[in-house]
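Here are my notes on the model you sent over. Have it open beside you while you go through the points.

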Amino acid sequence: MDPTNFSNLVEPVQVDAFEAYLAAEQIAGSRALADVFLPVIGEQANAAQMVGILGQYFYALDRFFLGLTQGRRPRAGKVFEMLIRARIYLTRPRYFCII
Amino acid sequence: MDNVEFTYLYRDGGNYKKWGRVVFSNPDRLDSDSVEKDLRLALLQDGLFIASQIRVPEVFLYAGGEFSFDDHCYHELDGTRQTPEAATDAHGRSISEFLVEANREAAVGWRAFDPYDSEGSISSYLTSLFSPATRPTTLGSDKL
């Protein structure tokens, strides 16, 4: 990596941040689905009943996942801005030395 | 008491931004900090919302143009502040009425959409043929 290139410093961190975001999203999404669907399906339901209920709420799930995917984009943009700010803050002493 | 300015933006996945602002009258003399706090409770995490649902102008970067993979449906609250400027809300709402509207829409659910399904697209036309009322979306689905 060329440390003199600002993009090369930020982009790997952004990729790592997005991976962490997706991992956290999966955990939260799993909890949300359990909170909503377990009371409806019942813990003793068989596979056919479970699939039937999921199919019944197909459009609710469609909207749920649409909201998730749409929401990732502005958050990705915001994270980029936060990383830039953090990077500037962390390198600030070096600039002071130059000055 | 001053009016209250509501500032918001559209931010795409590449962090390109376009800003919007609306000034609301404030006959109930609400404090802008408490307004912002209440608004953030009504909006999605990170202050995201659907502009058309609370009737503020959309400031999409893709409006009337081409879409990119960085585009999406949400606007983002930047903040609120007191201002001596005259009210500019096209619907003549006070900030109290705006808060009520935001809370009402939050209770109904923020209706995310795909920009590729925007008005005028073939997918929008096809979707419009089927009323959402015919689909089983209860179960608090709007709050998912």
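1. Start with Asp46(B), which counts as partly exposed because it has 14 C-beta neighbours inside 10 Å. (Buried means 20 or more other C-beta atoms within 10 Å of a residue's own, exposed means 12 or fewer, and partly exposed is in between, with C-beta atoms placed from the backbone.) Asp46(B) sits in the loop between α1 and β3 of chain B. Its phi is positive, about 70°, although Asp46(B) is not a glycine. For the element names, helices (H or I, at least four residues) and strands (E, at least two) are DSSP runs numbered from the N terminus.

2. Before going on, some housekeeping. This is a predicted model, so local features need pLDDT of at least 70 and side-chain atom pairs count only at pLDDT 80 or more, while totals for chains, interfaces and linings use all residues. Residues are numbered from 1 along each chain as its sequence is written, and chains are lettered from A and ligands numbered from 1 in the order in which they are written.

3. Arg55(B) is another one to look at. It is not a glycine either, and its phi is positive, near 55°. You'll find Arg55(B) in the loop between β3 and β4 of chain B. It is partly exposed because 14 other C-beta atoms lie within 10 Å.

4. Now the sheet. Chain B has 4 strands in an open sheet, ordered β2-β1-β4-β3, with antiparallel pairing. (Two strands pair if DSSP finds at least two bridges between them.) At the edges are β2 (17-24) and β3 (48-49) of chain B, each pairing on one side only. Helix α1 (residues 32-42) of chain B packs on this sheet and touches β1 (3-11) and β4 of chain B. The direction of α1(B) makes about 160° with that of β4(B); the axes are lines fitted to C-alpha atoms, for helices over the stretch in contact, and angles run from 0 to 180 degrees between N-to-C directions.

5. Which strand does β1(B) join through 8 bridges? That is β2(B), and the two run antiparallel. Arg11(B) stands opposite Lys17(B) of β2(B). The two strands make a hairpin with 5 residues between them, and Asn15(B) in the turn has a positive phi of about 70°.

6. β1(B) is also joined to β4(B), by 7 antiparallel bridges. Asn3(B) stands opposite Thr83(B) in β4(B), and Leu9(B) has Glu76(B) as its bridge partner there. As for cover, 7 of the 9 residues of β1(B) are buried.

7. On to β3(B), which has 2 bridges to the antiparallel strand β4 (residues 75-83) of chain B. Leu48(B) stands opposite Glu76(B), and the bridge partner of Phe49(B) is His75(B).

8. Phe49(B) deserves a click of its own. Leaving aside neighbours within four places in sequence, its contacts (C-beta atoms, placed from the backbone, within 7 Å) include Leu43(B), Ile54(B), Tyr74(B) and Trp110(B). Phe49(B) is also among the residues with the most contacts inside the largest nonpolar core, which has 23 residues. (Such a core is a set of buried Ala, Val, Leu, Ile, Met, Phe, Trp, Tyr and Cys residues joined through C-beta atoms within 7 Å.) β1, β2, α1, β3 and α2 (95-108) of chain B each supply at least two residues of this core, and α2(B) gives the most, with 4.

9. Val108(B) is in helix α2 of chain B. Is it buried or exposed? Val108(B) counts as exposed, because it has 11 C-beta neighbours inside 10 Å.

10. Last, the contact between the chains. It takes 21 residues from chain A and 21 residues from chain B. On the chain A side, α1 (6-41) and α3 (58-98) are the elements giving two or more residues, and α3(A) gives the most, with 16. That side divides into 11 nonpolar, 5 polar and 5 charged residues. (Ala, Val, Leu, Ile, Met, Phe, Trp, Tyr, Cys and Pro count as nonpolar, Asp, Glu, Lys and Arg as charged, and the others, Gly among them, as polar.) Keep in mind that α3(A) has the lowest mean pLDDT among the elements of chain A, 82; pLDDT is the predictor's confidence in each residue, from 0 to 100.

Note on methods:
Contact = placed C-beta atoms within 7 Å.
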